[in-house]
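Hello,

Here is the structure I promised to pass on.

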Amino acid sequence: MLNNKVVFAAILLLFPILSCTSTKTLVEIGCQEYDNNITGCLDKNYADNTNNRQSLNLWLPCKINECNKKFPLIIHIHGGGFAVGEKMEHPNFDLLRAGFAFSSINYRLIPENNFPDYLHDAKAAIRWFRGNSEEVKIDTAKIGIYGESAGGALTSYLAFTNGVNEVEIDGNIIDVEGNIGSNKNESSEINGAINYFGHADSEMFCDLKKGLDPNCEDTSDFCHSCTSPISYIGNGSSVPYMIIHGTDDNVVPYIHGEMLNDKFKKMYPNNNPELTFITVENGTHGMWDRKTFDELNRITKNFFSRNILINNDFN
């Protein structure tokens, strides 16, 4: 019979081996250090394949061997009418200086893919961050999203379907979560969103596209409400939401911002969660002067600082 002390000692010796994690370092997963104490992890695929359209770039505000804590994350989504566009090659330095990690993601495009494929991609990217949070140093309790134009619309989809797997729109059951990648058990929830001049109602574009888009013909039975972000307001777990839109936008007219603002305000009265509508007087579709750009960047940083960092000193 073995001595109990010997058995106990053997267990103690074995425990550190059993409890040791296999977390890789930033260097081991292919990240690099750049100037200004920034670490970049570029072209990471979030869908377990080699498709560049399902990849992301990530930057951390630390030297590669000094990233000893997790950072709140802001994810950027590019525009391009869901037909073109590419993730950013350089980070938002203002957000990095404010203490955020910063990412920009790709997603699959039309006509090869359609809604809700690009929404599935965005949610898969968020789940990837949660599944790899130890390695890439992300505080997954603090994730914000922003995007421009199509990226703004995709940001709205994420905000309005937060925490739900499917939504019923006009009798159609829409799978909003998808099953992309290997992190399916992770959450795709976010904590705040900014929509830069993304559309509200898909059918409103059809007057411009008749003769070009078969879904816009009078005989079409296409479910435009299913692809309209405004249809999804009130379906998910609500998060702070900001709209930024120019009054002279001739690509996504200003009325889209007004429609989103009005319905969100009606659905969630008393500014709970926070709703902010920023009007850019005489602003076009993102083509702003430097002063306006800098001011909106400051507004963006402060929105995320008070809603993601939960620091009410920022206004």
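Predicted model: local features only at pLDDT ≥ 70, side-chain atom pairs only at ≥ 80, totals over all residues.

Residues are numbered from 1 along each chain as its sequence is written, and side-chain values use heavy atoms, with hydrogens and water left out.

An open sheet of 9 strands runs in the order E1-E2-E3-E5-E4-E6-E9-E10-E11, with mixed pairing. Here strands are DSSP runs (E, at least two residues) and helices likewise (H or I, at least four), numbered from the N terminus; two strands pair if DSSP finds at least two bridges between them. At the edges are E1 (32-34) and E11 (275-280), each pairing on one side only. Inside the sheet, E4 and E5 (residues 101-105) pair in the parallel sense over 5 bridges, and His 76 has Ser 104 in E5 as its bridge partner.

H5 packs on this sheet, touching E4, E6, E9 and E10 (contact means heavy atoms within 4.5 Å). The direction of H5 makes about 140° with that of E6; axes are lines fitted to C-alpha atoms, for helices over the stretch in contact, and angles run from 0 to 180 degrees between N-to-C directions.

How many residues of H5 (residues 150-160) are buried? The count is 11 of 11, where buried means under 20% relative accessible area (1.4 Å probe, protein chains only). The buried residues of H5 also pack against helices H3 (117-131) and H7 (255-267).

Best wishes

Methods:
Buried < 20%, exposed > 50% of the residue type's maximum accessible area, 1.4 Å probe, protein only.
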